[in-house]
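Okay, thanks everyone, I'll keep this short. Today I'd like to talk about charged pairs, so let's get the structure up on the screen.

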Amino acid sequence: MRHLSVLILIWVLLSCAESKTTKRDRFFFQGNEAIADRAWEKAIHYFDNAIRLDPEYALAYNNRGVVKVNQGRAA
C-alpha cells in the first residue's frame, strides 16, 4: 500500500510540472513583451531560452533576428 501512495504522489507531482512547450511559449511571449518595451538584450535572452528548449522553434529565431536588426547587429 505504501508503494502505491508513493507512486500516486510522484504521478501528481509530475502532472503538475510545466511542460517543455509551455516553458518555451512563456519565454517566447516574454521576449515579445521585451521587444514592445524596447528592452533588446532582455528580449534576446528570452528568445535564446525558448530556442534552448526547442531548437526547431522558428518563431523564436525570427524574433531574435528582428531584435538584432533593431540593434544594428544583423549578421
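So here's one to start with: which residue does R73 form a salt bridge with? It's E41, and the closest N and O atoms of the two are 3.1 Å apart. Bear in mind that this is a predicted model.

Where do those two sit? R73 is in the segment after α4, while E41 belongs to helix α3, so this pair ties together parts that are 32 residues apart in sequence. R73 comes out as partly exposed, at 39% relative accessibility, and E41 is partly exposed too, at 48%.

Okay, on to R24. This arginine has a salt bridge with D54, where the closest N and O atoms are 2.7 Å apart. R24 lies in helix α2, residues 20–36, and D54 in the loop between α3 (40–53) and α4 (58–70), so here the pair ties together parts 30 residues apart in sequence.

R24 also pairs with D25, with 2.8 Å between the closest N and O atoms.

Now, buried or exposed: what about R24? Its relative accessibility is 14%, so R24 counts as buried; the cut-off for that is under 20%. D25, at 22%, counts as partly exposed, and D54 is partly exposed as well, with a relative accessible area of 22%.

And for the overall tally, searching the whole structure turns up 4 salt bridges. I've walked you through some of them, including R73 with E41 and R24 with D54. Okay, over to you.

Definitions and conventions. Residues are numbered from 1 along each chain as its sequence is written. This is a predicted model: local features need pLDDT of at least 70, side-chain atom pairs count only at pLDDT 80 or more; totals for chains, interfaces and linings use all residues. Side-chain values use heavy atoms; hydrogens and water are left out. A salt bridge is a side-chain nitrogen of Lys or Arg within 4 Å of a carboxyl oxygen of Asp or Glu. Buried means under 20% relative accessible area, exposed over 50%, partly exposed in between (1.4 Å probe, protein chains only). Helices (H or I, at least four residues) and strands (E, at least two) are DSSP runs, numbered from the N terminus.
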